[in-house]
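Colleague: Hi! Could you open the model and walk me through it?

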Amino acid sequence: MASVVDAHIHLSENAQDELIPYAEANRLDYDMGELLRLMQENEIERGLLLSPPLKGGVPLPNEKVLELSRRSNGVLSPIFTVEPAAEDVERAVALAQTNKEVRGFKIRLGYLRVFADDQVYDPLYAYAESQSLPVMFHTGDTATSTGSLEHSHPLTLDRLANGRPGLRVVICHFGNPWIQDVAELIYKHPNVYADISGLAVGGSKYTEGYVDFLAEQLTHAIYYAGGAGKVIFGTDYPVSTPALALGLVRKLRVDDADRGAILAGNARRLFRL
Ligand SMILES: [Zn+2]
(Lines give C-alpha, C1' and ligand atoms only; values in the text may rest on other atoms or scores of the structure.)
Protein backbone atom coordinates (compact mmCIF):
# COMPACT_ATOMS: atom_id res chain seq x y z
CA MET A 1 0.00 0.00 0.00
CA ALA A 2 2.91 2.28 -0.67
CA SER A 3 2.58 5.99 -1.40
CA VAL A 4 -1.01 6.73 -0.42
CA VAL A 5 -2.52 10.20 -0.95
CA ASP A 6 -4.77 11.64 1.77
CA ALA A 7 -6.99 14.17 -0.01
CA HIS A 8 -8.71 15.55 3.09
CA ILE A 9 -6.70 16.71 6.12
CA HIS A 10 -7.35 19.52 8.60
CA LEU A 11 -4.84 21.30 10.81
CA SER A 12 -4.66 24.72 12.43
CA GLU A 13 -2.45 24.60 15.56
CA ASN A 14 -4.97 27.14 16.87
CA ALA A 15 -6.74 26.87 20.26
CA GLN A 16 -10.00 28.12 18.68
CA ASP A 17 -10.18 25.11 16.35
CA GLU A 18 -13.64 23.50 16.46
CA LEU A 19 -12.23 20.09 15.57
CA ILE A 20 -10.30 19.80 18.84
CA PRO A 21 -13.09 17.68 20.46
CA TYR A 22 -12.75 15.17 17.59
CA ALA A 23 -8.99 15.10 18.09
CA GLU A 24 -9.52 14.42 21.80
CA ALA A 25 -12.04 11.65 21.09
CA ASN A 26 -9.45 10.02 18.80
CA ARG A 27 -6.64 10.66 21.33
CA LEU A 28 -4.73 12.76 18.82
CA ASP A 29 -2.38 15.65 19.61
CA TYR A 30 -3.57 17.26 16.37
CA ASP A 31 -0.37 19.08 15.44
CA MET A 32 2.06 19.10 12.52
CA GLY A 33 4.58 16.77 14.15
CA GLU A 34 1.97 14.11 14.86
CA LEU A 35 0.33 14.45 11.46
CA LEU A 36 3.59 13.99 9.55
CA ARG A 37 4.56 11.06 11.77
CA LEU A 38 1.18 9.32 11.29
CA MET A 39 1.40 9.88 7.56
CA GLN A 40 4.85 8.33 7.41
CA GLU A 41 3.84 5.36 9.59
CA ASN A 42 0.88 4.68 7.30
CA GLU A 43 2.80 5.21 4.05
CA ILE A 44 0.81 8.30 3.18
CA GLU A 45 3.14 10.23 0.95
CA ARG A 46 1.12 13.34 0.12
CA GLY A 47 -1.84 15.18 1.59
CA LEU A 48 -4.21 18.03 0.88
CA LEU A 49 -4.60 20.53 3.71
CA LEU A 50 -8.02 22.09 4.27
CA SER A 51 -9.00 24.79 6.70
CA PRO A 52 -10.78 23.61 9.87
CA PRO A 53 -13.61 25.73 11.30
CA LEU A 54 -12.74 28.01 14.21
CA LYS A 55 -14.99 29.13 17.07
CA GLY A 56 -17.41 31.74 15.79
CA GLY A 57 -18.01 29.74 12.63
CA VAL A 58 -15.21 31.17 10.48
CA PRO A 59 -12.69 28.92 8.75
CA LEU A 60 -8.96 29.19 9.46
CA PRO A 61 -7.68 31.87 7.03
CA ASN A 62 -6.26 30.52 3.76
CA GLU A 63 -2.99 32.38 4.36
CA LYS A 64 -2.52 30.18 7.43
CA VAL A 65 -3.27 27.03 5.39
CA LEU A 66 -0.56 28.13 2.95
CA GLU A 67 1.88 28.73 5.79
CA LEU A 68 1.21 25.32 7.38
CA SER A 69 1.59 23.59 4.00
CA ARG A 70 4.98 25.26 3.52
CA ARG A 71 6.14 23.90 6.88
CA SER A 72 5.43 20.31 5.77
CA ASN A 73 8.48 19.83 3.52
CA GLY A 74 6.41 19.28 0.41
CA VAL A 75 4.09 16.70 1.99
CA LEU A 76 0.98 18.91 2.24
CA SER A 77 -0.57 21.02 -0.51
CA PRO A 78 -3.13 23.73 0.26
CA ILE A 79 -6.83 23.80 -0.63
CA PHE A 80 -8.48 27.20 -0.12
CA THR A 81 -11.84 27.42 1.62
CA VAL A 82 -14.20 29.94 0.04
CA GLU A 83 -17.13 31.46 1.90
CA PRO A 84 -20.28 32.69 0.11
CA ALA A 85 -19.48 36.41 -0.12
CA ALA A 86 -18.21 38.32 -3.17
CA GLU A 87 -15.15 39.64 -1.26
CA ASP A 88 -14.24 36.15 -0.09
CA VAL A 89 -14.47 34.74 -3.60
CA GLU A 90 -12.34 37.59 -4.95
CA ARG A 91 -9.73 37.19 -2.21
CA ALA A 92 -9.47 33.41 -2.68
CA VAL A 93 -9.02 33.72 -6.45
CA ALA A 94 -6.36 36.43 -6.01
CA LEU A 95 -4.51 34.30 -3.45
CA ALA A 96 -4.63 31.31 -5.80
CA GLN A 97 -3.28 33.40 -8.67
CA THR A 98 -0.19 34.33 -6.69
CA ASN A 99 0.31 30.96 -4.98
CA LYS A 100 0.42 28.28 -7.62
CA GLU A 101 0.91 25.47 -5.11
CA VAL A 102 -2.83 25.62 -4.35
CA ARG A 103 -4.47 22.41 -5.55
CA GLY A 104 -8.16 23.31 -5.34
CA PHE A 105 -10.95 24.99 -3.41
CA LYS A 106 -13.40 23.92 -0.74
CA ILE A 107 -16.95 25.14 -0.18
CA ARG A 108 -18.95 24.42 2.94
CA LEU A 109 -22.58 23.66 2.23
CA GLY A 110 -25.05 23.11 5.04
CA TYR A 111 -23.28 25.32 7.56
CA LEU A 112 -23.89 28.51 5.62
CA ARG A 113 -27.25 27.77 4.00
CA VAL A 114 -25.94 28.28 0.53
CA PHE A 115 -26.44 26.09 -2.53
CA ALA A 116 -23.47 25.13 -4.71
CA ASP A 117 -24.98 26.82 -7.76
CA ASP A 118 -25.37 30.21 -6.02
CA GLN A 119 -24.08 32.89 -8.38
CA VAL A 120 -21.79 34.30 -5.70
CA TYR A 121 -19.40 31.47 -6.65
CA ASP A 122 -19.47 32.10 -10.43
CA PRO A 123 -16.08 33.91 -10.56
CA LEU A 124 -14.53 31.11 -8.49
CA TYR A 125 -15.88 28.38 -10.76
CA ALA A 126 -14.73 30.26 -13.85
CA TYR A 127 -11.21 30.49 -12.42
CA ALA A 128 -11.20 26.88 -11.18
CA GLU A 129 -12.30 25.64 -14.61
CA SER A 130 -9.68 27.74 -16.41
CA GLN A 131 -6.92 26.24 -14.22
CA SER A 132 -8.38 22.72 -13.98
CA LEU A 133 -8.52 23.09 -10.19
CA PRO A 134 -11.15 20.91 -8.49
CA VAL A 135 -13.74 22.35 -6.10
CA MET A 136 -14.52 20.23 -3.04
CA PHE A 137 -17.91 20.45 -1.31
CA HIS A 138 -18.80 19.41 2.20
CA THR A 139 -21.93 17.27 1.87
CA GLY A 140 -24.01 15.00 4.06
CA ASP A 141 -24.26 15.10 7.83
CA THR A 142 -23.30 18.42 9.35
CA ALA A 143 -21.06 18.30 12.42
CA THR A 144 -23.39 20.71 14.23
CA SER A 145 -27.05 20.09 15.06
CA THR A 146 -28.04 23.44 13.55
CA GLY A 147 -26.63 22.70 10.07
CA SER A 148 -29.01 22.62 7.10
CA LEU A 149 -29.37 19.18 5.52
CA GLU A 150 -31.38 20.66 2.68
CA HIS A 151 -28.24 22.57 1.67
CA SER A 152 -25.74 19.81 2.41
CA HIS A 153 -27.62 17.15 0.44
CA PRO A 154 -25.36 15.93 -2.39
CA LEU A 155 -28.15 15.87 -4.98
CA THR A 156 -28.01 19.68 -4.99
CA LEU A 157 -24.69 19.31 -6.86
CA ASP A 158 -26.51 17.84 -9.87
CA ARG A 159 -27.69 21.34 -10.82
CA LEU A 160 -24.14 22.68 -10.62
CA ALA A 161 -22.68 19.80 -12.65
CA ASN A 162 -25.41 20.15 -15.28
CA GLY A 163 -24.69 23.85 -15.63
CA ARG A 164 -20.89 23.54 -15.56
CA PRO A 165 -19.90 20.19 -17.08
CA GLY A 166 -16.25 21.31 -17.28
CA LEU A 167 -15.91 22.00 -13.56
CA ARG A 168 -14.17 19.27 -11.53
CA VAL A 169 -16.29 18.64 -8.47
CA VAL A 170 -15.39 16.56 -5.40
CA ILE A 171 -18.23 15.49 -3.13
CA CYS A 172 -16.75 15.16 0.36
CA HIS A 173 -17.69 12.34 2.74
CA PHE A 174 -19.43 10.54 -0.12
CA GLY A 175 -22.54 12.50 0.89
CA ASN A 176 -23.00 10.18 3.89
CA PRO A 177 -25.74 9.08 4.60
CA TRP A 178 -26.83 9.66 0.97
CA ILE A 179 -24.18 7.34 -0.43
CA GLN A 180 -26.34 5.86 -3.19
CA ASP A 181 -27.26 9.35 -4.42
CA VAL A 182 -23.54 10.07 -4.78
CA ALA A 183 -23.09 6.80 -6.68
CA GLU A 184 -25.54 8.19 -9.25
CA LEU A 185 -23.76 11.57 -9.38
CA ILE A 186 -20.31 10.08 -10.06
CA TYR A 187 -21.84 7.69 -12.58
CA LYS A 188 -23.77 10.41 -14.39
CA HIS A 189 -21.25 13.27 -14.47
CA PRO A 190 -17.79 12.72 -16.00
CA ASN A 191 -16.23 15.46 -13.85
CA VAL A 192 -17.81 14.60 -10.50
CA TYR A 193 -15.69 12.71 -7.95
CA ALA A 194 -16.27 11.74 -4.31
CA ASP A 195 -13.99 11.39 -1.31
CA ILE A 196 -14.50 8.83 1.44
CA SER A 197 -13.05 11.00 4.23
CA GLY A 198 -14.45 11.32 7.73
CA LEU A 199 -16.67 8.25 7.45
CA ALA A 200 -14.99 5.78 9.77
CA VAL A 201 -15.25 7.43 13.17
CA GLY A 202 -14.83 5.63 16.45
CA GLY A 203 -16.45 6.12 19.81
CA SER A 204 -19.70 4.15 19.47
CA LYS A 205 -20.29 0.65 20.82
CA TYR A 206 -21.26 -0.30 17.26
CA THR A 207 -18.17 1.17 15.54
CA GLU A 208 -17.13 -2.15 14.04
CA GLY A 209 -20.58 -2.91 12.66
CA TYR A 210 -20.91 0.63 11.40
CA VAL A 211 -17.62 0.47 9.48
CA ASP A 212 -18.76 -2.84 7.93
CA PHE A 213 -22.05 -1.18 6.93
CA LEU A 214 -20.16 1.76 5.37
CA ALA A 215 -17.86 -0.59 3.46
CA GLU A 216 -20.89 -2.46 2.16
CA GLN A 217 -22.60 0.72 0.96
CA LEU A 218 -19.42 2.09 -0.65
CA THR A 219 -18.78 -1.24 -2.36
CA HIS A 220 -22.29 -1.15 -3.84
CA ALA A 221 -21.84 2.48 -4.89
CA ILE A 222 -18.63 1.51 -6.73
CA TYR A 223 -20.40 -1.41 -8.42
CA TYR A 224 -23.20 0.94 -9.46
CA ALA A 225 -20.71 3.47 -10.89
CA GLY A 226 -18.94 0.65 -12.76
CA GLY A 227 -15.59 1.15 -11.03
CA ALA A 228 -13.69 3.26 -8.52
CA GLY A 229 -12.08 5.63 -11.01
CA LYS A 230 -13.54 8.67 -9.25
CA VAL A 231 -13.41 7.60 -5.61
CA ILE A 232 -10.75 9.32 -3.53
CA PHE A 233 -9.18 8.39 -0.19
CA GLY A 234 -9.12 10.87 2.67
CA THR A 235 -8.99 10.73 6.45
CA ASP A 236 -10.54 14.06 7.52
CA TYR A 237 -7.86 14.07 10.26
CA PRO A 238 -8.52 14.70 13.17
CA VAL A 239 -12.16 13.57 12.66
CA SER A 240 -10.85 10.15 11.67
CA THR A 241 -7.42 8.57 11.87
CA PRO A 242 -5.27 7.04 9.11
CA ALA A 243 -5.69 3.63 10.76
CA LEU A 244 -9.52 3.79 10.77
CA ALA A 245 -9.75 5.30 7.29
CA LEU A 246 -7.33 2.76 5.77
CA GLY A 247 -9.24 -0.01 7.54
CA LEU A 248 -12.37 1.07 5.69
CA VAL A 249 -10.58 0.89 2.31
CA ARG A 250 -9.31 -2.58 3.16
CA LYS A 251 -12.91 -3.74 3.64
CA LEU A 252 -14.09 -2.63 0.19
CA ARG A 253 -14.78 -5.60 -2.08
CA VAL A 254 -12.94 -4.23 -5.12
CA ASP A 255 -9.97 -5.45 -7.12
CA ASP A 256 -6.38 -4.33 -6.49
CA ALA A 257 -6.41 -1.87 -9.39
CA ASP A 258 -9.42 -0.06 -7.90
CA ARG A 259 -7.97 -0.11 -4.39
CA GLY A 260 -4.79 1.49 -5.71
CA ALA A 261 -6.79 4.06 -7.65
CA ILE A 262 -8.77 4.99 -4.51
CA LEU A 263 -5.66 5.21 -2.33
CA ALA A 264 -3.52 7.29 -4.67
CA GLY A 265 -3.98 7.21 -8.44
CA ASN A 266 -7.27 9.10 -8.67
CA ALA A 267 -6.13 11.92 -6.39
CA ARG A 268 -2.73 12.23 -8.08
CA ARG A 269 -4.41 12.64 -11.45
CA LEU A 270 -7.19 14.97 -10.32
CA PHE A 271 -5.10 17.23 -8.09
CA ARG A 272 -1.86 16.88 -10.11
CA LEU A 273 0.19 15.63 -7.17
ZN1 LIG B 1 -13.29 17.87 6.59
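Modeller: Happy to; what follows is a chat about a predicted model.

Colleague: Great. Let's begin with S7: are its faces covered or open?

Modeller: Both faces of S7, residues 169-172, are covered. Val 169 and Ile 171 are buried on one side, and Val 170 and Cys 172 are buried on the other. In a regular strand, side chains alternate between the two faces of the sheet.

Colleague: And which strands does S7 pair with?

Modeller: S6, residues 135-138, pairs with S7 in the parallel sense over four bridges. Within that pairing, Phe 137 has Ile 171 of S7 as its bridge partner. S8, residues 192-195, also runs parallel to S7, and three bridges join the two. There, Val 169 is partnered with Val 192 in S8.

Colleague: What do S7, H8 and S8 make together?

Modeller: They make a right-handed β-α-β unit, with H8 spanning residues 179-188.

Colleague: Nice. Which residues of H8 are buried?

Modeller: Ile 179, Val 182, Ala 183, Leu 185 and Ile 186 are buried in H8. They cover an arc of only 165° around the axis, so they sit on the same side of H8.

Colleague: OK, core next. How many residues are in the largest nonpolar core?

Modeller: The largest nonpolar core has 76 residues. Those with the most contacts inside it are Phe 105, Phe 137, Val 169, Ile 171, Val 182 and Phe 233. H11 gives the largest share of this core, seven residues.

Colleague: You've mentioned Phe 137 already. What does Phe 137 touch, leaving out residues up to four places away in sequence?

Modeller: Phe 137 touches Ile 107, Leu 109, Ala 116 and Leu 157, along with Val 169, Val 170, Ile 171 and Cys 172. There's also a second, separate core of five residues, which includes Tyr 22, Ala 23, Tyr 30 and Val 239.

Colleague: Switching topic: what's the strand order in the open sheet of three strands?

Modeller: The order is S1-S2-S3, with parallel pairing. S1 and S3 (76-78) are the edge strands, each pairing on one side only. From one strand to the next, the twist averages 25°.

Colleague: How many bridges join S1 to S2?

Modeller: Five bridges join S1 to S2, residues 44-50, and the two strands run parallel. Among the facing residues, His 10 stands opposite Leu 50 in S2, while Asp 6 has Gly 47 in S2 as its bridge partner.

Colleague: Is S1 enclosed or open, given that it's an edge strand?

Modeller: S1 is largely enclosed by the rest of the structure, because seven of its seven residues are buried.

Colleague: And which helix packs on that sheet?

Modeller: H11, residues 256-271, packs on the sheet and touches S1 and S2. Its direction makes about 70° with that of S1.

Colleague: Last one, about Gln 16: where does it lie?

Modeller: Gln 16 lies in the loop between S1 (4-10) and helix H1 (20-25). Gln 16 counts as partly exposed because it has 13 other C-beta atoms within 10 Å, and the exposed class stops at 12 or fewer.

Colleague: Which residues is Gln 16 in contact with, apart from its neighbours within four places in sequence?

Modeller: Those are Leu 54 and Lys 55. As for Leu 76, it is 60 residues from Gln 16 in sequence and 22 Å away in space, C-alpha to C-alpha.

Conventions: Residues are numbered from 1 along each chain as its sequence is written. This is a predicted model: local features need pLDDT of at least 70, side-chain atom pairs count only at pLDDT 80 or more; totals for chains, interfaces and linings use all residues. A residue is buried if 20 or more other C-beta atoms lie within 10 Å of its own, exposed if 12 or fewer, and partly exposed in between; C-beta atoms are placed from the backbone. Two strands pair if DSSP finds at least two bridges between them. A crossover is right-handed if, with the strands pointing away from the viewer, the path from the first strand over the helix to the second runs clockwise. The arc is that of the directions from the helix axis to the C-beta atoms. Two residues are in contact if their C-beta atoms, placed from the backbone, lie within 7 Å. Axes are lines fitted to C-alpha atoms, for helices over the stretch in contact, and angles run from 0 to 180 degrees between N-to-C directions. A nonpolar core is a set of buried Ala, Val, Leu, Ile, Met, Phe, Trp, Tyr and Cys residues joined through C-beta atoms within 7 Å.
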